[in-house]
Amino acid sequence: MSDVLAVVEHRRGEIRDVSLELLGAGADLADDLDGELHVAVIGGNAEAIADRLDRDGVDVIHTIADGAEFNHDVYVQAVGALYEALEPAVVLTPHTVNALDYVPAVAVDLDLPLVTDVIDMEVSDEGLQTTRSLYESKIDATVTITERPCVVTLRPGEWARATGVGSVPVEDFEFELDESAVGSRVEGFEEAGTGDVDVTAADFLIGVGRGIGEAENLSVIEDLAAVTDATIAASRPLVDNGWFDTSRQVGQSGKTVSPDVYLAVGISGAVQHVAGIKGADTIIAVNTDPHAPIFDIADQAIVGDLFDVIPELTEQLR
Amino acid sequence: MKILVTFAEVAAVADNFEIEDGAVADRYLEYDLNEWDEYALEAAVSLREEGIAEEVVTVTIGPERSADTIRMALAKGADRAIRIWDDDLRGDPLEDVSTRAALMAPVVEAEAPTLVLSGVQAADDGYGSTGVSLARTLGWQWGAVVNDFTLDREADSVRVRRELEGGIEEITTLSLPAVLTIQTGINDPRYASLRGLQEAQAQEIDVQSPAELGVWADRLEPRLERGELTEPPSRGDTEYVEGDPPEQATAIADRLLEAGVVQE
Ligand SMILES: Cc1cc2nc3c(=O)[nH]c(=O)nc-3n(C[C@H](O)[C@H](O)[C@H](O)COP(=O)(O)OP(=O)(O)OC[C@H]3O[C@@H](n4cnc5c(N)ncnc54)[C@H](O)[C@@H]3O)c2cc1C
């Protein structure tokens, strides 16, 4: 029992980038365990997707035809069946919204320990040692899984994508889906927020976060944007408050941006926000908290009060 | 119908803290109710106000200290609160999400609600798994990262809108009873009124131990061990700007000029 089973993610016929990172991480882990990397593609156009998974380090690709798109009941049963057949040491998936929707159920069904949103892992004598973030990413903690097998979900953006082309056998895995246990029906998809501004097109984006406090304080940011001809984007809480249209939300559930400069003002740098700004050439952050995780990815860090720094900047550029 | 809300007290570290002997000392921790659970609670209380639900009950796993947070939930409109605890839960057992689900499942079974609402994740440890683990432990349906839902009592189902990455939403119908994990932005959580807070002070919190719930010690054997805490590594090439606000502003202005997004 030393193999790794990696379950990839796809949507609307496209493999998601996180899946290629999963293969990279899975190959390293299988190496460390002296085992094989098995990859599963469930639903959709599994065969066509399997072609893109033909990468170095992958030993076998299993395709499971059931279901056009993701359905958590089908995934739970399919992964359970594959697990019984392969008896892997570790089940790996990306830490995504769909993982949040089915992986905990897999762990319960198989009675396996689960660690989610992992940013690093290492095989040790005590077990599989994982690293994850605590307290809004201000602290990293190791969590050792003392039992094998186990289930682990990996934070997107932390592992290099698997490269190269192998020549990996693709096997069709068949199992008896218990239709009576499918209690959910996916009816379709909708695109959210095609609203007022295209933040993805801006060269200079000012991202404003909860540090702004009250809606009336936004004028501090608007003044700077007016003087510099910048576009204003926002973190999720401000959109939740109704202060901005969803089209201005940057992050995992919002827009992915790649401006020349992203000026993050009063934004802590939660992983779901940072997911949207990694493509910025330069990140400048203004935050009162010296431990704010945004500083870990910023090129220029200003530990200071936005209400002192931003009006001063506006004056200097006027 | 009854709605149960899982409600967590979460810890945040103060702006200036230190890691001592691999741990954060308690004096640097501040406790509060979990943001995501506040939205779940608001959704439940609104359904009661609309006459769709009769009762809203909260369940929290937490030590004596968490009573303050629980009273906040009562002040915001929960009818009753249950707190699960004994000192054996201190330390590693709760690191394993399935332990939390195992502790809450008997409460859900005893209360028999139609709907359980949980926050998508807890702000402090961010496992994001309690709601779905609980649903599966109960053998119920579930939906994760829900930003809208509509009950259909006749069809005994709930239609949920799930927020996927990149502004795409999935519409799914689930059979009831179900557990939904609630995303922020689904509503506008209310503030607790002073009167509500005062009344909550007088309310009883029903405390139950794992043994009383029939969850035995072997279920609480940790399979996960939390080890060392460290500060996350910084990328290394971050330029920290010293000085007073005008000097800091000048440094930003220089960077903006250098990047060519503003002109002199
Ligand atoms: C499934 C999922 C998807 C999500 N998707 C997104 C997403 O797409 N985008 C997103 O942004 N979030 C998203 N989130 C939410 C995310 O987890 C955080 O809650 C959010 O990003 C926090 O926003 P913030 O940084 O503005 O607020 P906070 O975390 O509250 O940070 C405010 C910051 O302001 C600083 N501050 C306070 N006062 C001042 C001052 N006077 N001057 C300077 N700094 C100050 C504080 O030190 C703090 O660092 C998602 C969460 C989940 C679970």
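**Figure 1. Chain B on its own.** Buried residues account for 60% of the 264 residues in chain B. Keep in mind as you look around that this is a predicted model. Chain B is built with six helices and 15 strands, and its C-alpha trace spans about 65 × 45 × 40 Å along the principal axes. How much of the contact in chain B joins residues at least 24 apart? Counting contacts between residues at least 6 apart in sequence, the share is 69%.

**Figure 2. Where chain A meets chain B.** Here 85 residues from chain A come into contact with 81 residues from chain B. The size of an interface is often given as the accessible area lost when the parts come together. For chain A and chain B, the buried area is about 7300 Å², and carbon and sulfur atoms give 52% of it. Tyr135(A), Glu190(A) and Gln300(A) together supply 9% of the area that chain A buries against chain B, more than any other three residues.

Figure 3. Nine salt bridges are found between chain A and chain B. What do the side chains of Lys138(A) and Asp15(B) form where they meet? They form a salt bridge, with N to O at 3.9 Å. Between the two chains there are also 46 residue pairs in polar contact. On the side of chain A that touches chain B, you will find 35 nonpolar, 23 polar and 27 charged residues.

**Figure 4. Strands paired between chains.** Follow Thr144(A) into S14(B), and its bridge partner is Glu225(B).

**Figure 5. Two cis peptide bonds.** Most residues other than glycine have a negative phi, and most peptide bonds are trans. The bond from Arg148(A) to Pro149(A), however, is cis, with omega near 0°. Pro149(A) sits in the loop between S9 and strand S10 (150–154) of chain A. In chain B, the bond from Leu176(B) to Pro177(B) is cis, with omega near 0°. Pro177(B) lies in the loop between strand S11 (168–175) and strand S12 (178–182).

**Figure 6. Two residues with positive phi.** Arg12(A) is not a glycine, yet its phi is positive, about 50°. Look for Arg12(A) in the loop between strand S2 (10–11) and strand S3 (14–15) of chain A. Is Arg12(A) buried or partly exposed? Arg12(A) counts as partly exposed because its relative accessibility is 41%. Tyr135(A), also not a glycine, has a positive phi of about 45°. Tyr135(A) belongs to the loop between strand S8 (128–134) and S9 of chain A, and with a relative accessible area of 11% it is buried.

Definitions and conventions
Residues are numbered from 1 along each chain as its sequence is written. Chains are lettered from A and ligands numbered from 1 in the order in which they are written. This is a predicted model: local features need pLDDT of at least 70, side-chain atom pairs count only at pLDDT 80 or more; totals for chains, interfaces and linings use all residues. Side-chain values use heavy atoms; hydrogens and water are left out. Contact means heavy atoms within 4.5 Å. Buried area is the accessible area (1.4 Å probe) that two parts lose on being put together, summed over both. A salt bridge is a side-chain nitrogen of Lys or Arg within 4 Å of a carboxyl oxygen of Asp or Glu. A polar contact is a pair of N or O atoms within 3.5 Å; within protein, one must be able to donate a hydrogen and the other to accept it, and residues adjacent in sequence count only if both atoms are side-chain atoms. Ala, Val, Leu, Ile, Met, Phe, Trp, Tyr, Cys and Pro count as nonpolar, Asp, Glu, Lys and Arg as charged, and the others, Gly among them, as polar. Two strands pair if DSSP finds at least two bridges between them. Helices (H or I, at least four residues) and strands (E, at least two) are DSSP runs, numbered from the N terminus. Buried means under 20% relative accessible area, exposed over 50%, partly exposed in between (1.4 Å probe, protein chains only).
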